[in-house]
Amino acid sequence: MSHTQLAQFQQLLIDCAACAANPAQRAQAEVLYRKLLDFDPKVQELFCFQMERELLDAKRAFIELNNRLVRAEFSQRKPRTVLLLLPFCIQTTSCPRRIVWKIENCRQCGACSVGELLRAANEKHVPVRVSVRGRFAPMFIKELKPEITVAVACEDELFSGMLRASKFRCFGIGNIRPEGYCINTSVDVDAVREALDYFVQEELTAEDAE
Ligand code: SF4
């Protein structure tokens, strides 16, 4: 792997974001988006490692483009299985409940977004998992084989997750970070509800979701 490849990847991302912002260049943005997904995984990994907290606007544009494409893909047919993936930092640090391995331990007290998100997912019979810095995400995807994952995380995690799991569909919702990264984060719960409403078919039963 060379610095040239890394620079190429970075330029692709910048170009992709610029094209995505211009309605007349949407087709070109999609071409660049696919090139980014198909890039050498070692370069992708190194880029995500070296460029953490960098190029956030470009990553945000990539995520928005990805979301638009995923929405379009499921405009006629709803995915059979959906997973809601949350970052561990969305749980308030003052909570004594251990939710990373068992989200049901949340007693939905309202002190952080987890309770409301769990309620929204339960209403749709959508399983919820909590990931620690993206580490468990591949394991959950392998375990549950969701046709689509609605993922909440920072732009860095969403971008790297979309690259790593490019064979799987992911709809990304950026988190809110009033205290900075990785601590007491939040999310627009209405945006998550809207995504679940969009992707979950009405007749999905609890049995289908398991
Ligand atoms: S809603 Fe309450 S119980 Fe659930 S994770 Fe947040 S603080 Fe803990």
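Below are my entries, in the order I looked things up.

**Ground rules**

I am working with a predicted model, where local features need pLDDT of at least 70, side-chain atom pairs count only at pLDDT 80 or more, and totals for chains, interfaces and linings use all residues. My residue numbers start from 1 along each chain as its sequence is written. For helices (H or I, at least four residues) and strands (E, at least two) I take DSSP runs, numbered from the N terminus.

**The sheet**

I began with the strands. In what order do the four strands of the open sheet lie? I read E2-E1-E3-E4, with parallel pairing. Strand E2 (128–131) and strand E4 (169–174) stand at the edges with a single partner strand each, so one side of each has no neighbour in the sheet. I count two strands as paired if DSSP finds at least two bridges between them. On average, neighbouring strands here are turned by 25° against each other, direction ignored. As a reminder to myself, strands of a sheet pair through backbone hydrogen bonds, either parallel or antiparallel.

Next I followed the bridges. Strand E1 (residues 82–87) and strand E3 (residues 148–153) run parallel and are joined by four bridges. On that side, Val 82 has Ile 148 of E3 as its bridge partner, and Leu 83 has Thr 149. E1 and E2 also run parallel, again with four bridges. There I found Leu 85 partnered with Arg 129 of E2 and Pro 87 with Ser 131.

**How covered are the strands?**

For burial I count C-beta atoms, placed from the backbone: a residue is buried if 20 or more others lie within 10 Å of its own, exposed if 12 or fewer, and partly exposed in between. How many of the six residues of E1 are buried? Six of them are, so by that count E1 is mostly covered. Val 82, Leu 84 and Leu 86 point one way, while Leu 83, Leu 85 and Pro 87 point the other.

**A closer look at Leu 86**

Leu 86 sits in strand E1. It is buried, with 27 other C-beta atoms within 10 Å. Which residues does Leu 86 touch, leaving aside its neighbours within four places in sequence? I got Leu 117, Val 128, Val 130 and Val 152; contact means C-beta atoms, placed from the backbone, within 7 Å.

**Helices**

I looked at helix H1 (residues 3–20) and helix H3 (residues 41–50), whose axes come within 10 Å and cross at roughly 75°. My axes are lines fitted to C-alpha atoms, for helices over the stretch in contact, and angles run from 0 to 180 degrees between N-to-C directions. H1 and H3 are therefore roughly perpendicular to each other, a label that covers 65 to 115 degrees (under 35 is roughly parallel, over 145 roughly antiparallel, the rest oblique). H1 brings Gln 5, Leu 6, Phe 9 and Gln 10 to the contact, and H3 brings Val 43, Gln 44, Leu 46 and Phe 47.

Then I turned to helix H7 (residues 155–164), which is mostly covered, with eight of its 10 residues buried. Among them are Leu 158, Phe 159 and Met 162.

Arg 34 lies in helix H2 (residues 26–38). Is Arg 34 buried or partly exposed? Arg 34 is partly exposed, with 13 other C-beta atoms within 10 Å. Ala 21, in the loop between H1 and H2, is partly exposed too, with 14. Ala 21 and Ala 61 are 40 residues apart along the chain, and their C-alpha atoms are separated by 7.6 Å.

**The ligand**

Last, I checked what surrounds the ligand. Of the 13 residues around it, Cys 95, Cys 106, Cys 109, Cys 112 and Gly 115 come nearest; a residue is near if its C-beta atom, placed from the backbone, lies within 6 Å.

How values were computed:
Contact = placed C-beta atoms within 7 Å.
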